[in-house]
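I opened a new notebook page for this structure. These entries record what I looked up, in the order I looked.

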Amino acid sequence: MPIEIKVPTLGESVTTATVGKWLKQPGEAVKEDEPVVELETDKVSVEVPAPAAGRLENHAVKEGDEVEVGAVLATLEPGAAGTAPAAKAAAPAAKAEEAKPAAAPAAQAPAETDYDVVVIGAGPGGYVCAIRAAQLGFKVACVEQRATLGGTCLNVGCIPSKALLQSSENYHAAGHDFAAHGVVIDSVKLDLARMQARKADIVGANVKGVEYLFKKNGITWLKGHGKVEGTGRLSVDGKPVTAKHIVIASGSNSANLPGIEVDEKVIVTSTGALELSEVPKRLVVIGGGVIGLELGSVWGRLGADVTVVEFLDRLVPGTDNEVASQFQKLLVKQGFKMKLGHKVTKAEKTKKGVVLTVEPSAGGAAETLEADVVLVAVGRTAASKNMGLEEAGIALDKRGRVEVDAHYATSVPGIYAIGDVIAGPMLAHKAEEEGVALAELLAGQAGHVNYDAIPGVIYTWPEVASVGFTEEQLKEKGVAYKIGKFPFMANGRARALGMTDGFVKVLADKQTDRVLGVHIIGPCAGELIAEATMAIEFGASAEDIGRVCHAHPTLSEAVKEAALGADNRAINI
Ligand SMILES: Cc1cc2nc3c(=O)[nH]c(=O)nc-3n(C[C@H](O)[C@H](O)[C@H](O)COP(=O)(O)OP(=O)(O)OC[C@H]3O[C@@H](n4cnc5c(N)ncnc54)[C@H](O)[C@@H]3O)c2cc1C
């Protein structure tokens with residue numbers, strides 16, 4: 001007698017769900033409690049299990065359908081024999097194979113492979129590549145050695161740092177800014193343990209989210225350390241695995257300075273700086289780049305006395321000079337101490353903390369700096385060691401990054417690389433775009449990344465965001481340009497927010513008016529830059545931005561006004 005498989009109770013006040021992926025097909029054998037179909041609601045995602053062993057007879061609904069609690073999803077013939085699960089994705093994978101460029105190297109892979117695509121590393125480059133490849137019909141596995149998916153970004157990078165930046169900003173605002181709004185709080189207390197627990201929860205939800213996405217897309221997580229053996233061959237913790245295409249997405253690690261021994265307690269990298277259980281009285285940050293200034297901001301807002309030691313005579317190299325110098329002034333106003341043009345030559349741990357020896361970069365007398373905690377934030381290096389790359393003949397550049405061509409192919413056929421482990425900005429969204437582009441290229445599509453339209457954001461206060469060329473780069477290239485600038489001081493929304501520091505700067509081609517670069521320092525710069533990125537991607541002119549209706553009062557009006565300013569026709573200044 002057939003049994004109906006129905007939508008189970010999904011929790012209080014949840015009455016409907018969307019049918020996700022069918023995990024079993026009609027005619028297939030199922031075991032008792034084996035998941036048959038995925039259901040999604042805005043609150044939860046659940047797998048509906050088979051109530052008994054048998055053969056699935058039919059699907060009563062299709063993927064994407066809205067279903068009510070109690071509705072019939074499928075019928076099961078208990079005890080009946082069924083077929084083994086179909087060889088997954090054989091057809092689409094073969095299609096993708098046919099569509100591949102003639103020069104694709106899969107022919108050199110073993111004739112029969114375990115997977116079509118195996119990605120090593122489940123950071124934003126790797127996990128996104130795996131999902132896109134699965135969407136395109138490939139049979140995909142992803143090798144990850146961490147206990148959780150999501151890579152540096154979700155575990156010890158973008159997400160935990162932004163969680164602490166938000167919490168510390170709230171703490172600081174409650175103590176310093178609320179009173180101006182007429183909100184008087186007598187005593188603001190810091191509960192660092194709770195702040196850290198909130199951060200951990202946010203990280204946990206994000207990494208679990210990737211695990212769910214892997215299941216949803218039928219991607220196998222091969223847990224362990226991946227090593228490349230050659231075309232079509234790799235190993236995971238020593239066990240052989242074969243794949244038509246291997247993607248190296250192993251990311252990067254914090255760089256260190258010679259002679260400075262990190263213990264992640266008093267001399268920390270960004271990973272240790274995200275985990276401090278006490279606010280250090282004196283924090284020295286070695287390196288005036290994005291990560292150092294973001295984490296310096298976190299601990300500065302929570303009460304640390306922060307000194308930044310930077311080798312160069314400026315902060316955030318690569319950022320538009322005018323923006324960087326305004327940024328430096330605003331950080332100093334917040335209490336940051338800057339030792340630019342200096343280098344740390346020695347770090348000695350004492351009972352009380354660390355004594356650093358600091359010298360002018362250009363040479364000169366050394367001095368000492370005392371700190372309770374030292375954050376070494378001098379950049380990141382490609383994670384290309386101990387994974388068999390050189391042995392397999394994969395060419396690396398002088399900085400240990402995997403060399404790839406315009407289609408992410410390494411020097412060994414069938415092996416590709418993306419993300420932080422190759423050249424280019426070490427940014428999560430750059431890695432993601434490469435992951436998508438590569439999966440599409442492997443499927444014979446025209447995946448590509450526009451490297452002229454990759455935004456960069458510094459999530460300090462105020463935020464700094466930019467896309468396209470800086471003024472200095474345009475000068476160097478000999479491009480004639482015009483500038484439109486608009487200060488947040490003249491923006492109504494910024495005034496209402498009480499956040500008037502900073503400006504928007506639009507650089508446009510002098511002859512054609514095409515937008516070449518946009519640089520923003522100010523509130524929500526990281527959100528505002530999306531419009532500028534879109535403009536650059538679409539080849540818009542400054543006039544195009546100026547003619548778009550922007551809601552009032554919004555910060556985005558400052559972008560419009562700056563664009564109008566490139567033609568000397570800003571209205572509100
Ligand atoms: C504190 C901090 C803050 C950051 N903030 C931002 C931000 O706000 N915005 C932004 O865009 N970027 C930010 N970044 C940079 C961002 O995290 C990286 O650019 C991004 O994670 C790179 O992605 P990826 O996929 O190339 O590599 P990763 O994210 O580094 O992932 C690589 C994964 O591969 C795994 N792996 C490596 N080798 C092997 C192996 N042999 N076998 C199995 N697994 C392996 C690693 O365990 C890791 O999980 C931040 C970084 C840090 C440290």
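Before listing buried residues I noted the cut-off: a residue is buried if 20 or more other C-beta atoms lie within 10 Å of its own, exposed if 12 or fewer, and partly exposed in between. I also noted that this is a predicted model.

**Entry: helix H4**

I went to H4 with that cut-off and found Cys158, Ile159, Pro160, Ser161, Ala163, Leu164, Ser167, Ser168 and Tyr171 buried. I then looked up what these buried residues pack against, and the list is helix H3 (151–156), helix H5 (192–216), helix H7 (290–301) and helix H9 (428–442). I checked the length of H4 too: at 1.5 Å a residue its 19 residues (158–176) should span 27 Å, and the end C-alpha atoms are 26 Å apart, which agrees.

**Entry: domains**

I wrote down the division of the protein: domain 1 (3–78), domain 2 (115–254 + 382–449), domain 3 (267–378) and domain 4 (453–565). The centres of domain 2 and domain 3, taken over C-alpha atoms, are separated by 27 Å. Where these two domains meet, I found twelve residues of domain 2 in contact with twelve residues of domain 3. Which element gives the largest share of the side of domain 2 that touches domain 3? H4 does, with eight residues. I sorted that side of domain 2 by class and got seven nonpolar, four polar and one charged residues.

**Entry: around the ligand**

I listed 35 residues around the ligand, of which Gly121, Gly123, Gly151, Gly251 and Gly419 come nearest. Helix H2 (124–135), strand S10 (140–144), H3, H4 and H9 each give two or more residues to this shell. By class, I have the shell down as 15 nonpolar, 17 polar and three charged residues.

**Entry: a recorded binding site**

In UniProt, an unreviewed entry places a "binding site" at Lys162, Gly226, Asp420, Met426, Leu427, Ala428 and His429. These positions spread over 268 residues of sequence and are also spread in space, up to 29.6 Å between C-alpha atoms.

I picked two of them to look at. Methionine 426 is in the loop between strand S25 (415–417) and H9. I count it as buried because it has 21 C-beta neighbours inside 10 Å. Leaving aside neighbours within four places in sequence, methionine 426 is in contact with Ser252, Arg380 and Asp420. Leucine 427 is also in the loop between S25 and H9. Leucine 427 has 19 C-beta neighbours inside 10 Å, so I put it down as partly exposed. Not counting residues up to four places away in sequence, leucine 427 touches Ile454 and Gly456.

**Entry: a further recorded binding site**

The unreviewed UniProt entry also places a "binding site" at positions including Gly287, Glu294, Glu310 and Gly379. I found glycine 287 in the loop between strand S17 (282–286) and H7. With 23 C-beta neighbours inside 10 Å, glycine 287 counts as buried. Beyond four places in sequence, glycine 287 is in contact with Gly292, Glu310, Ala377 and Val378.

Glutamate 294 lies in helix H7. Is glutamate 294 buried or exposed? Glutamate 294 counts as buried, with 22 C-beta neighbours inside 10 Å. Leaving aside neighbours within four places in sequence, I found glutamate 294 in contact with Ser161, Leu165, Ile458, Tyr459 and Thr460.

**Entry: helix H14**

I ended with helix H14 (556–565), where ten of the ten residues are buried. These buried residues pack against strand S28 (481–487), strand S29 (503–509), helix H12 (525–537) and helix H13 (542–547).

Methods:
Residues are numbered from 1 along each chain as its sequence is written. This is a predicted model: local features need pLDDT of at least 70, side-chain atom pairs count only at pLDDT 80 or more; totals for chains, interfaces and linings use all residues. Helices (H or I, at least four residues) and strands (E, at least two) are DSSP runs, numbered from the N terminus. The expected span of a helix is 1.5 Å times one less than its number of residues. Two residues are in contact if their C-beta atoms, placed from the backbone, lie within 7 Å. UniProt positions are given in the numbering used here, feature names are shortened, and annotations may be inferred rather than shown by experiment. A residue is near a molecule or strand if its C-beta atom, placed from the backbone, lies within 6 Å of it. Ala, Val, Leu, Ile, Met, Phe, Trp, Tyr, Cys and Pro count as nonpolar, Asp, Glu, Lys and Arg as charged, and the others, Gly among them, as polar. Domain bounds come from an automatic or database domain assignment.
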